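Thanks for asking me to look this over. Here are my notes on the charged side chains, as numbered points.

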Amino acid sequence: MRGRYIFAILLVMVFLLPVIGAAVPIQAQAERPTKQITLKAVDPTQAVALIKAGQLDAYIFEVPREIASANLGSPDVKFMLAPAGINDFILNPAVPKDPNKLNPFVSRKIRYAVNYLVDRSFIVQQIFKGFAYEMYTFEAPPDPDYFTIADIVAKYKTSYNPEYARQIIDEEMVKLGATKGDDGKWYYNGNPVTINFVIRIEDERHEQGLLLADELEKLGFTVNRLEMTFGEAIDLVYYTDPADLDWMIYTEGWGKGGIAKWADGDPAFWGAPWYGLMPGWQEPTYWNYENSTLDEITMKLLFGEFSSQEERNQLFREATEMIIQEAIRIFTVTTLDPQPMSADMKGVTEDRGAGLRSLYNLREMYVPGKPNIEVGHLHVYTSRTVWGPVDARNFQFFDVYSVDPWTAIHDPWLWNHPHTGEVIPFRVSFQVETAGPDGTLPVPADAFMWDASSKTWMNVGDGIAVKSKVTFDLSKLLGTNWHHGQPITWADVLYDIYLFYEWTYAEDKQAIDPIWNAYFSDALSYIKGFRIIDDTHLEVYVDYWHFDPNEIAAFATPPVTSFPWEVNYAVEQLVVDGAYAWNRYMSSSLEIPQINYVLSGHAADAAAKLQELLNTNTFPENVFTVGTTAYATWDDAQARYNAAIDWINNKNHLVISNGPFYLESFDAAGDSLVMKAFEDATYPFPPGTWVFGTFLRPSIENTFAPTINLGSEGTLIVDITQLTVDYEVDVEYLIIDPTTGEVLARGTGTKVTDFRYMITIPADFTTQVGPGTYQVDILLYSPEMALLDYRTVFFTILGGGVLEDEINQLRDQLGQLSDSLGQVSSTLAAAIDSLSSTLTDAIGSVADEITGVKSDISTVSSDVNALSGDVASLGDRVGKVEGAVSQLNTMLMVIVVLVIINLVATVALQFFKK
């Protein structure tokens with residue numbers, strides 16, 4: 001149930017939005033160009049070569065990044081690059097059962113210090129070859145809600161600093177009672193402090209795990225590297241008691257099923273104990289991580305206990321910051337997965353969250369002239385791949401290997417737009433009426449709910465009120481056919497609602513499987529009544545409000561399994577009989593198999609049960625009767641039982657659904673399956689209905705960051721690509737102190753032209769923060785499309801302090817020097833004039849009396865002696881001038897520097913104005 005509220009994740013599961021209907025077309029639809037899809041396990045290192053050779057048409061898992069880089073320009077293959085994966089280290093904080101063992105991760109400080117052991121830049125550049133985004137919490141730049149928490153992410157953007165981590169860990173380990181031996185290793189009660197590190201080996205998590213193991217060993221821990229594949233890792237981590245310390249770190253990996261405009265469920269999913277995805281997993285016999293504050297905040301967020309978008313965002317921010325601080329999960333990267341396909345592939349949607357793995361792609365992709373296509377995956381079946389109506393952890397399916405083919409086999413009621421993340425109608429449309437957040441709507445007295453005590457539908461009666469009502473239009477669902485040819489009816493809808501309420505609240509069912517109550521009771525309690533108002537419309541009364549009406553519709557969607565009622569009913573009887581368990585936890589506890597709809601042996605047992613029901617004239621008539629109206633008869637049940645038995649005998653599996661493809665065969669041993677086009681006249685969507693094409697995304701093209709004088713205003717220029725889009729685009733910025741991570745300012749840029757934005761840094765801000773270099777995170781976003789691109793730049797503020805005092809002193813000295821220079825210039829000019837006059841007179845006298853030189857020699861000598869005196873005097877003056885000029889040269893160098901600085905500033909200001 002909870003899964004429906006986390007469209008951004010859908011990660012390794014898909015209970016998300018239930019599966020139901022589309023309009024009932026009377027005429028046959030256009031034929032699908034793809035008649036058959038063979039999905040098979042393919043080594044990712046071979047996928048591109050097979051596509052280029054024409055032996056594979058698409059690969060819905062990432063290929064090695066170096067292979068993608070080498071083939072990005074190839075004419076024989078094209079790639080979809082999608083931020084479709086998340087990598088993190090999950091840490092086990094359990095107090096160990098064994099008192100002689102120490103778990104260092106009971107310390108929140110040690111858990112957080114692991115951040116400083118992770119070199120995210122190295123991981124992105126060297127391990128992922130640039131095909132990833134650094135990640136510091138559960139939202140990354142490609143996610144719509146990243147914009148909500150961008151400043152918090154900036155605050156906690158830890159750098160790789162193992163020495164700082166050592167300081168924290170050494171101090172905390174001593175507090176925990178550990179000692180470090182002469183060998184540099186940590187010991188507790190005489191035993192080495194050993195970390196059981198589960199490291200997946202199929203992808204880049206292997207390298208990440210080995211790097212962290214190395215770092216931990218350098219700090220004195222003994223690391224037990226448990227390198228293993230998917231199935232064995234899942235069993236060890238998620239199905240053992242954390243207090244046993246069988247695992248202490250695990251390299252988690254998640255695959256996204258899409259994006260969500262409002263990821264209200266993400267904080268609960270990633271960090272809240274009540275949700276069931278934190279160590280202990282809410283299995284009552286295990287040690288469980290507890291955090292009542294996070295539980296309270298995330299419940300308010302997920303269940304709409306806010307009165308505005310601003311309040312919702314604040315709850316989201318509070319939960320995010322606490323999850324970062326708790327450091328149960330250390331997020332490393334959002335992977336940009338290169339998913340290759342044939343260059344001739346058509347009908348593809350660029351899903352901003354899932355890429356080729358999107359719900360929209362397998363159902364629509366085709367290669368012209370090729371009716372049968374071959375699609376590769378890392379796996380199709382593993383020991384933990386389960387197809388069924390409910391698995392532990394709230395969803396039908398638990399891993400991508402079942403989720404991905406399921407996208408083409410079933411139709412959900414609602415889904416998320418692949419470009420915006422907005423909830424949109426899929427098989428079912430809707431209308432929302434709401435009185436919230438503070439008002440209420442009356443629930444009609446004849447609205448009904450399943451009563452688990454009386455095993456009947458009961459009217460809710462008078463006096464019930466809710467915040468919202470959603471009317472679902474099932475005209476594209478009811479009357480269309482299931483894959484086995486039987487029509488979808490109200491009986492299927494009623495049975496699914498019954499199934500979840502019965503197993504969640506009925507005491508006899510809780511005694512068999514208490515997991516339903518643990519996972520579904522919270523969400524189911526918000527629905528207060530159902531009403532079937534005509535042949536195709538269902539009213540759902542829900543005590544929930546959201547500022548986005550589409551989110552109300554998503555919340556109100558009733559629990560639906562996407563399987564016909566008779567299949568689930570037969571399996572339900574097998575569970576009641578004790579032959580099978582619904583989920584992995586009860587399977588382990590009771591030591592019986594978990595029902596798996598794709599396995600032939602399980603299907604054969606279901607067929608036998610269906611035959612038993614047929615022979616004994618048994619069907620759940622009470623489930624199909626509301627008031628005086630019966631929505632199924634024994635004749636209907638007989639037709640259903642026979643059709644399902646024939647299907648099982650023919651296909652050797654239980655997977656019957658309502659999507660554009662049906663499961664023809666499943667080969668667990670061969671790690672493959674075959675899907676065929678469901679060419680039924682009642683199927684409502686012709687080929688091409690769900691093709692959204694490429695997402696047009698402008699990006700930041702150029703930035704100019706200035707040097708600003710203290711106390712002056714500065715301007716940053718941001719240019720974006722000249723791409724015309726049909727949605728609003730804006731620029732937001734964060735100014736950050738790079739040494740502390742503190743966010744100093746946040747604001748919005750001014751749009752100068754369609755493709756240029758100006759960010760003004762006020763003069764009072766430069767005065768307030770003082771001289772230094774500052775970081776600016778520039779976010780290009782759209783209110784409709786969320787974050788589009790981001791870039792980090794730096795600017796410098798000059799001035800202030802001792803430097804400013806010295807400049808002022810130089811200016812004073814320059815003024816004094818200027819006055820002295822004027823005096824020296826006057827003295828020099830007078831001396832030169834005097835010398836010139838004396839020389840002129842002397843030369844004239846010599847010319848007139850040249851003939852009497854000998855007789856007047858004594859007179860000339862006297863004049864020369866006088867001239868020598870003048871020259872000596874002039875020499876003294878010139879010496880003084882030279883000293884002054886030397887000092888002037890020194891000061892002129894200072895002047896030149898100041899002139900250059902002012903000149904640069906002047907030019908820059910002229911550029912900004914342009």
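1. Which residue does Arg357 meet in a salt bridge? In this predicted model, the partner is Asp404, with an N to O distance of 2.8 Å. Arg357 sits in the loop between strand S11 (329-342) and strand S12 (372-377), while Asp404 belongs to helix H12 (residues 400-409), so the bridge ties together parts 47 residues apart in sequence.

2. Do have a look at how covered that pair is. Arg357 has a relative accessible area of 8% and Asp404 one of 1%. Both values fall under 20%, so Arg357 counts as buried, and so does Asp404.

3. Glu326 and Arg108 join their side chains in a salt bridge at 3.0 Å, N to O. Glu326 is in helix H11 (residues 309-326) and Arg108 in helix H3 (residues 108-113), 218 residues apart. Here the two partners fall in separate classes: Glu326 is buried at 12% relative accessibility, whereas Arg108 is partly exposed at 44%.

4. Arg584 and Asp235 also form a salt bridge, at 3.3 Å from N to O. Arg584 lies in helix H18 (residues 584-590) and Asp235 in helix H8 (residues 230-238), so this contact ties together parts that are 349 residues apart in sequence. Asp235 is partly exposed, with 24% relative accessibility.

5. Finally, some bridges are joined up. Glu433, Asp446, Lys469, Arg531 and Glu539 are linked in a salt-bridge network. For context, the search of the whole structure finds 51 salt bridges.

Notes: Residues are numbered from 1 along each chain as its sequence is written. This is a predicted model: local features need pLDDT of at least 70, side-chain atom pairs count only at pLDDT 80 or more; totals for chains, interfaces and linings use all residues. Side-chain values use heavy atoms; hydrogens and water are left out. A salt bridge is a side-chain nitrogen of Lys or Arg within 4 Å of a carboxyl oxygen of Asp or Glu. Helices (H or I, at least four residues) and strands (E, at least two) are DSSP runs, numbered from the N terminus. Buried means under 20% relative accessible area, exposed over 50%, partly exposed in between (1.4 Å probe, protein chains only).
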